[in-house]
Amino acid sequence: MNIDQIRYFLEIASCKKMNQAAENLYISQSTLNASITKLEEELGYKLFVRSKKGMELTEEGKGILQQAETIVEYVNEWKKAGKNDIPIRIVAPPIVRSMVVNDVVSRAYELYEIKSAIYTEEGRHIIDILNNYSTGLLLSPCEIYYMDKLIDKVRELNMVCEVMYYDCGFFYVNGDVDIPSEITLSEMQYFDLLWYSQGSMNNLFENIRKHFSKKISLADSADQWEMIKNNKNVAGIFTNLISLQNKEDMLQGKIKRVAIKDVDCTINWMFVYPEQRRRTAEQEIIIELIKQKFSEIPQMCL
């Protein structure tokens, strides 16, 4: 359960129509319906009686209506108490910026008038970023063998870190290339290499890219993806999030993906933010919106 679901519940209760509530909230009707259904499942009872005439509160829905209104009133007061003109700093690499943060920033401003500034991180590890942005909100990949170091740093800064998405690195090639379902480092050496986000996952790829005679680095992962589609001898190492962003290319067979057999490519997408007593009301809202957005990203292998 989150504050958005409570706001959605109140909006539907007010206008009694799903499509009108969705329009008022600046979200799609399908998103609104899915959110309310999920809330009802979590509560264990129906909140609305759905009919062609609209949405009417059930007895259970009527019973929690005033409590829901009180909760939103409190949140609005918290927002006012912490409101200032300094935008919230969000640090995120390009893939998370496009799939998560851009939408969160738009929604935060539309629904709560909260200003945010996005900073794209490319060339440093998450530990280095924390040294410079310890009061902001940070989304970054962390290789599995860096977790202990990250946790120590987070505790030192009195911050909180959560794994928002469990990811993995895969080997990608043009769809015309015939390759097995798994590939080893020695089998990769016949391809040129494009590596995703040079520096962010530097240590993971350090042991891999040395096997290639040619190394091509492009700043934007979208450019790298296009390079692979247009060159049969070009390969790349990306995460599952890249697959999801380019889902149609995968489903149409323009790009093939295989597991890297002899290297641990586990990646945790970490969300690091101040502990509760150090957060502003705006940060609380942004944190909740980011968590909600990540929960909508499927954990899937195409």
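This is a predicted model: local features need pLDDT of at least 70, side-chain atom pairs count only at pLDDT 80 or more; totals for chains, interfaces and linings use all residues.
Mentor: Two strands count as paired if DSSP finds at least two bridges between them.

Trainee: How many helices and strands does the protein chain have?

Mentor: The protein chain holds 13 helices and twelve strands. Of its 302 residues, 50% count as buried. Among contacts between residues at least 6 apart in sequence, 75% join residues at least 24 apart.

Trainee: Back to pairing, then. Which strands does strand 5 pair with, and which way do they run?

Mentor: Strand 5 (residues 137-143) is joined to strand 12 (residues 266-274) by six bridges, and the two run antiparallel. Within that pair, Leu138 has Val272 of strand 12 as its bridge partner. Strand 3 (residues 88-92) is joined to strand 5 by two bridges, and that pair runs parallel. There, Ile90 stands opposite Leu137 of strand 5.

Trainee: Is strand 5 mostly covered or mostly open, and which residues point each way?

Mentor: Strand 5 is mostly covered, with seven of its seven residues buried. Leu137, Leu139, Pro141 and Glu143 point one way, while Leu138, Ser140 and Cys142 point the other way. Both sets are buried.

Trainee: Which strands does the hairpin through two residues join?

Mentor: That hairpin joins strand 1 to strand 2. Strand 1 (residues 48-51) and strand 2 (residues 54-57) run antiparallel and are joined by four bridges. One of the pairings sets Ser51 against Gly54 in strand 2.

Trainee: What span should helix 13 have, and what does the model give?

Mentor: Take 1.5 Å a residue: the 15 residues of helix 13 (residues 281-295) should span 21 Å, and the end C-alpha atoms are 22 Å apart, so the two agree. The helix is mostly covered, as eleven of its 15 residues are buried. Among them are Ala281, Glu282, Gln283, Leu289, Gln292 and Lys293.

Trainee: Which residues does Asp4 contact, and is Asp4 buried or exposed?

Mentor: Asp4 is buried because its relative accessibility is 2%, under the 20% limit. Asp4 sits in helix 1 (residues 3-15). Apart from neighbours within four places in sequence, Asp4 contacts Arg107, Leu111, Tyr112, Leu289 and Gln292.

Trainee: What angle and what axis distance describe the packing of helix 2 and helix 3?

Mentor: Two packed helices are described by the angle between their axes and the distance between the axes. Helix 2 and helix 3 (residues 29-43) pack at about 105 degrees, with axes 9 Å apart. Helix 2 is therefore roughly perpendicular to helix 3, since the range for that class is 65 to 115 degrees. The contact uses Met18, Asn19, Ala21, Ala22 and Leu25 from helix 2, and Gln29, Leu32 and Asn33 from helix 3.

Trainee: How should I read the phi values of Lys16 and Glu113?

Mentor: Most residues other than glycine have a negative phi. Lys16 has a positive phi, near 65 degrees, and Glu113 also has a positive one, near 60 degrees. Lys16 is in the loop between helix 1 and helix 2 (18-25). Glu113 is in the loop between helix 5 and strand 4 (116-120). Lys16 is partly exposed because its relative accessibility is 37%, whereas Glu113, at 53%, is exposed.

Trainee: Where does Val173 lie, and which residues does it touch?

Mentor: Val173 lies in strand 6 (residues 159-174), and its relative accessibility of 0% makes it buried. Beyond four places in sequence, Val173 touches Ile179, Phe191, Ile228, Val234, Ala235, Lys254, Ile255 and Lys256. Val173 and Phe191 are 18 residues apart along the chain, and their C-alpha atoms are separated by 8.8 Å.

Conventions. Residues are numbered from 1 along each chain as its sequence is written. Side-chain values use heavy atoms; hydrogens and water are left out. The expected span of a helix is 1.5 Å times one less than its number of residues. Buried means under 20% relative accessible area, exposed over 50%, partly exposed in between (1.4 Å probe, protein chains only). Contact means heavy atoms within 4.5 Å. Axes are lines fitted to C-alpha atoms, for helices over the stretch in contact, and angles run from 0 to 180 degrees between N-to-C directions. Angles under 35 degrees count as roughly parallel, over 145 as roughly antiparallel, 65 to 115 as roughly perpendicular and the rest as oblique.
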